[in-house]
Amino acid sequence: MAKSLLVLNGPNLNLLGTRQPEVYGSTTLSDVEAMCRAAGERLGLAIEFRQSNHEGVLVDWIHQAKGRHSGIVLNAGAYTHTSIALMDAISSVELPVAEVHLSNIHRREAFRHVSYISKVALGMICGFGPFGYVMSIEALADHIGQKS
Ligand code: CA2
């Protein structure tokens, strides 16, 4: 069976492409999903793509990834800067996590400079818009030794 990656999106990312295009661009979350699926196909990886506005739901999905997925691409949205629960969930599953942000969080407000996810992620990509998701998938594919 093909290896798979879980692509998880946190709060408000369902609004992508519909509000604040000056900050987050005009690409919708469905467009991002299509880009991830295309990258997965190219690399021979199945992609499961999800979004939730609820912290506990994201925690549950991270737990369930153990044994089902080979890695996680995570844009935790604003929970990035607050959630010890998500950090602990990532530590507990021992799966490689690529943290991704559409915007460059280090060019923005000081409260966005702190990431609890970065403390446990394999690596982090930010500031490249939706292409960051594709880069994250490629980085995880390389990390898990997936050859296309
Ligand atoms: O840059 C990113 O990807 C963020 O994770 C996006 C979060 C933000 O809180 C993080 O600091 C950085 C916000 C996602 C909200 O997305 C929206 C999209 C369109 C309209 C409103 C919100």
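This is a predicted model: local features need pLDDT of at least 70, side-chain atom pairs count only at pLDDT 80 or more; totals for chains, interfaces and linings use all residues.
Strand β3 spans residues 71-75, and five of its five residues are buried, so the strand is largely enclosed by the rest of the structure. Gly71, Val73 and Asn75 point one way from β3, whereas Ile72 and Leu74 point the other way. Both sets are buried. On one pairing, β3 runs parallel to strand β1 (residues 4-9) over five bridges, with Asn9 opposite Asn75. A parallel pairing over three bridges also joins β3 to strand β4 (residues 97-101); here Leu74 stands opposite Glu99. Together with helix α4 (residues 84-93), β3 and β4 make a right-handed β-α-β unit.

Six salt bridges were found in a search of the whole structure. One of them joins Glu33 to Arg37, with the closest N and O atoms 2.8 Å apart. Glu33 and Arg37 are four residues apart in helix α2 (residues 29-43), and therefore separated by about one helical turn. Glu33 is partly exposed at 24% relative accessible area, as is Arg37 at 35%.

A salt bridge between Glu94 and Lys66 has an N to O distance of 3.8 Å. Because Glu94 lies in the loop between α4 and β4 and Lys66 in the loop between α3 (55-65) and β3, the pair ties together parts that are 28 residues apart in sequence. Glu94 is exposed, with a relative accessible area of 64%, while Lys66 is partly exposed, at 43%.

The side chains of Glu109 and Arg112 also meet in a salt bridge, at 2.7 Å from N to O. Glu109 is partly exposed at 35%, whereas Arg112 counts as buried at 17%. Salt bridges link Arg108, Glu109 and Arg112 in a network.

Key:
Residues are numbered from 1 along each chain as its sequence is written. Side-chain values use heavy atoms; hydrogens and water are left out. Buried means under 20% relative accessible area, exposed over 50%, partly exposed in between (1.4 Å probe, protein chains only). Helices (H or I, at least four residues) and strands (E, at least two) are DSSP runs, numbered from the N terminus. Two strands pair if DSSP finds at least two bridges between them. A crossover is right-handed if, with the strands pointing away from the viewer, the path from the first strand over the helix to the second runs clockwise. A salt bridge is a side-chain nitrogen of Lys or Arg within 4 Å of a carboxyl oxygen of Asp or Glu.
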